[in-house]
Amino acid sequence: MSIKAELRDEDVHALIDDELDETGRTRADAAIEAHPDLRERIAAYRADKARLVSLYGGGLNEPLPREWIDRIERASARRPWHGQALGIAALAASLVLVLTGVLAYRQFARPARDDVVADALAARADSLRPEAVIPVASERVAEAEAGVMTRTLATRVKAPDLSRMGYRLVGIDIYSEPARSFELRYRDGEGRIFTLYLRKSSGTPRFDQFEDKGLRVCIWQDDVIGTVMAGKMSAAEMQRLASLAYTGLTL
Amino acid sequence: MTGGRREWFGTALIAQLPALRRYARALVGNSALADDLVQDCIERALRQWEGLREVKRLPGWLRSILHNLYIDELRRGRSRGREQEVGELADDLALSTPAHDGAATLDFVRAMESLSVEHRQVLLLVGLENMHYRDIATELGIPIGTVMSRLARGRERLRSALEGGKLRPRVVRSLEVRELRQ
């Protein structure tokens, strides 16, 4: 029987990329056991894949051309509305209504504070007392908590899957003070902790990254949610994790 | 769209640029051309951002724009009737690796450049971007079986090119442009 008959080429590569289910893996292992040349072939493919990452995987820390940043910041800045007399008149008229609404809203909801970074780092350092500590031992717990976060933040969110970067969700802490917020704790194979602190945005979009005493911190906030991610890692690793976490946060 | 949404998009776009630039360099094999493509990609993204419905689609949406721009670039190269040399990145990478590894680096990069764009694209999405097959299928709008077969063929051709040893800097071929437009 040929190797191809036992294992399709596509399955060989799915094995390399960890895309096979349990049955597929068992079948692949049996085929490899029976055909040492297949083992060598797979080793060569794996080496090529690793080589690709080592050659092209750098460069995330290279400074970006300043003109790119300037162009984006110019284009995405709030547009001035001077000279729009009609708009100003309408704005003035609606301001009274808005203020009334804001005052009424503040009776019921605490506005998000701006020092989200300080609160996030305090939560990570266990300086804040969580209202609840939820160990995440199964997918079902994570899904249930996604519902709680979604209701609290008034936008659909879930705990992002960071497994492809080697991090597994191990717990969620819920805080009611100083603002209703969540801290998602992830751990990698070496025991390193990555935290993702999450709460309603103060309304000001932010993106920043810095290092403080060996701790890499990334703030990523849009006009709906604010996140602070922290962990002991390089800037490049944080860049990848933050990108994966932020995009995986929304459903 | 509100000013806040526009600001948010700008912030998210800037955050994606390092990864987009890295992907562009690996895809086209030429740092200068990659930067030109990223710059054009920024312009197009700023014009079309209101069409982006979900935050999580931003990286894939940017890669799609970049890919389309690259195809346009290839077509322009063909219409001008010239062969476009895109091997400079191999030299850049070889210079940044230990001397004893320089030749192997050159061979690998040139082997990558000998692949069709669609094969390189899938190899990079799996290897460099660490994406799942199903997510790649969604991003490219193709069945997952096609992702798997492109990946298998791409890796096989890469291996053949490396084992064959007769590698030279890649040139853009009109055949490749026809393949891309299918």
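Trainee: Why is B:E163 called exposed?

Mentor: B:E163 has 9 C-beta neighbours inside 10 Å, and a residue is exposed if 12 or fewer other C-beta atoms lie within 10 Å of its own, partly exposed in between, and buried if there are 20 or more, with C-beta atoms placed from the backbone; therefore B:E163 counts as exposed. This is a predicted model, in which local features need pLDDT of at least 70 and side-chain atom pairs count only at pLDDT 80 or more, while totals for chains, interfaces and linings use all residues. Residues are numbered from 1 along each chain as its sequence is written, and chains are lettered from A and ligands numbered from 1 in the order in which they are written.

Trainee: Where is B:E163 placed in chain B?

Mentor: B:E163 lies in helix α8 of chain B, residues 144-164, where a helix is a DSSP run of H or I with at least four residues, a strand is a run of E with at least two, and both are numbered from the N terminus. The C-alpha atoms of B:E163 and B:A111 are separated by 9.7 Å, although these residues are 52 residues apart along the chain.

Trainee: How many helices and strands does each chain have?

Mentor: Chain A has nine helices and seven strands, whereas chain B has nine helices and zero strands. Buried residues make up 29% of the 251 residues in chain A and 40% of the 182 residues in chain B.

Trainee: What makes a set of residues a nonpolar core?

Mentor: Such a core is a set of buried Ala, Val, Leu, Ile, Met, Phe, Trp, Tyr and Cys residues joined through C-beta atoms within 7 Å. The largest one has 89 residues, and those with the most contacts inside it are A:M229, A:A245, B:A24, B:C41 and B:L66. Helix α1 of chain B, residues 3-28, gives the most to this core, with 12 residues.

Trainee: Which residues does B:C41 touch?

Mentor: Not counting residues up to four places away in sequence, B:C41 touches B:L20, B:L62, B:I65, B:L66 and B:L69; two residues are in contact if their C-beta atoms, placed from the backbone, lie within 7 Å.

Trainee: How many residues of chain A are in contact with chain B, and which element supplies the largest share?

Mentor: 41 residues of chain A are in contact with 46 residues of chain B, and α4(A) supplies the largest share of the side of chain A that touches chain B, nine residues.
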